[in-house]
Amino acid sequence: MATMTLIQALTDGMRTALLHDESVLIMGEDVGRKGGVFLATQGLQEEFGEDRVIDTPLTEDGLVGSAIGMATNGLKPIVEIQFQDFIYPAFDQIVSEAAKLRYRSGNQYSAPLVIRTPYGGGIRGGLYHSQSAEAYFCHTPGLKVVIPSTPYDAKGLLLAAIADPDPVIFLEPKALYRAVKGEVPEGYYTVDLSTLRTVRDGKDVTVFCYGAMVPIASKAAELAAAQGIDVEIIDLRTLLPLDEEGVLEAARKTGRVVVLHEAPRFCGYGGEISALIAEHAIEYMEAPVKRVTGFDTPFPNTLEHHYIPNEHRVLDAIEYVYHY
């Protein structure tokens, strides 16, 4: 197997999909000759031509709307939105059209498209290039929401998303694009879109996380281990649909839970995990569920290092639930 960065694995995944299925195409702003703002599609237009790797005008709603039309007519578009922060002009097309097409047509039509977009902070992108909007899309029945954290998962989850018969929002932690490496199989394989991944086994405290927070949780677990606290780390991978049984099993195992994400806390995804545990596993809990999140403010540029949760904030939460 080759060793790749996360973004190399994504490129390899798209190339594999283009080879595997002639109905797959890529479309977005500067995805062709330039290869995308982060170079995720670099070289693909040269290899597959302008009919399958398509540069589009600067119009996110038009881009997603066009992809919905293509998807309902037999194609499988992969749409790139340059930054997740730019997805909001296309929000209506995503939540009102793509997500509801199967339901409103009585199961006659669906929109099998993938919307890829980098999310989150960590690159000094400032206010309009660093947001984490997973909760908006997880609130919409009809969508799937996926966030990889390793190169292996990035390729396998992307190929599974492309093969899925319904729309998938594929959020990519850009802070990890070139910060993590791992072995990636050659050729076609998929990773199931409905199962979580155990990153680290432990018996004392469970930390649920995803995307760029997985390495942060791992650092915190190492600090906790020095104190004799054995931390289990769960990478949720697919936020919608959530592997609810997997979450409950992990919560019941330790009885002490920390939920970690980069998005603001209020109405964030951590609230859903907390509520799920409260409804179905409260009798197993030895401590209240603790959330570690971004702050309820617009994303700050100069205070990015303070806004994004770090291993010390996570360690504080681990210690709180462990000693409760």
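I looked up Arg-116 first: in β7, its bridge partner is Phe-170. The model is predicted, so I took local features at pLDDT of at least 70 and side-chain atom pairs only at pLDDT 80 or more, while totals for chains, interfaces and linings use all residues. Residues are numbered from 1 along each chain as its sequence is written, and side-chain values use heavy atoms, with hydrogens and water left out.

**Entry on β5**

I noted the element rules: helices (H or I, at least four residues) and strands (E, at least two) are DSSP runs, numbered from the N terminus. Two strands pair if DSSP finds at least two bridges between them. β5 and strand β7 (residues 168–173) pair in the parallel sense over six bridges. Strand β4 (residues 76–80) also runs parallel to β5, joined to it by three bridges. There Ile-78 stands opposite Val-114.

I then checked burial (buried is under 20% relative accessible area, exposed over 50%, partly exposed in between; 1.4 Å probe, protein chains only). Six of the six residues of β5 (residues 114–119) are buried, so the strand is largely enclosed by the rest of the structure. Val-114, Arg-116 and Pro-118 point one way, Ile-115, Thr-117 and Tyr-119 the other. In a regular strand the side chains alternate between the two faces of the sheet.

**Entry on the cores**

I counted a nonpolar core as a set of buried Ala, Val, Leu, Ile, Met, Phe, Trp, Tyr and Cys residues joined through side-chain atoms within 4.5 Å. The largest has 47 residues, and those touching the most other members are Ile-94, Ile-115, Phe-208, Leu-236, Val-247, Ile-273 and Ile-277. Helix α3 (residues 60–72) gives the most to this core, with five residues. A second, separate core has 37 residues, including Met-4 and Phe-83.

I listed the contacts (heavy atoms within 4.5 Å) of Leu-236. Leaving out residues up to four places away in sequence, they include Phe-208, Val-247, Tyr-269 and Ile-273.

**Entry on the five-stranded sheet**

I traced an open sheet in the order β9-β11-β10-β13-β14, with mixed pairing. Its edge strands, each pairing on one side only, are β9 (197–200) and β14 (290–294). β9 and β11 (residues 231–235) pair in the antiparallel sense over three bridges. Arg-200 stands opposite Ile-233 in β11.

**Entry on helix packing**

For angles I used axes fitted as lines to C-alpha atoms, for helices over the stretch in contact, with angles from 0 to 180 degrees between N-to-C directions. Helix α9 (residues 244–254) lies across β10 (205–209), β11 and β13 (257–264), at about 155 degrees to β10. The axes of α9 and helix α10 (residues 269–280) come within 10 Å and cross at roughly 70 degrees. That makes α9 roughly perpendicular to α10 (65 to 115 degrees; under 35 is roughly parallel, over 145 roughly antiparallel and the rest oblique). Among the residues in this contact are Val-247 and Leu-248 of α9 and Ile-273 and Ile-277 of α10.

Helix α1 (residues 6–20) and helix α7 (residues 151–163) pack at about 30 degrees, with axes 8 Å apart. That makes α1 roughly parallel to α7.

**Entry on Ser-130**

I found Ser-130 in the loop between β5 and α6 (134–138). Ser-130 counts as buried, at 1% relative accessibility. Its contacts beyond four places in sequence include Asp-85, Lys-174, Glu-262 and Glu-304. Asp-296 is 166 residues from Ser-130 in sequence and 14 Å away in space, C-alpha to C-alpha.
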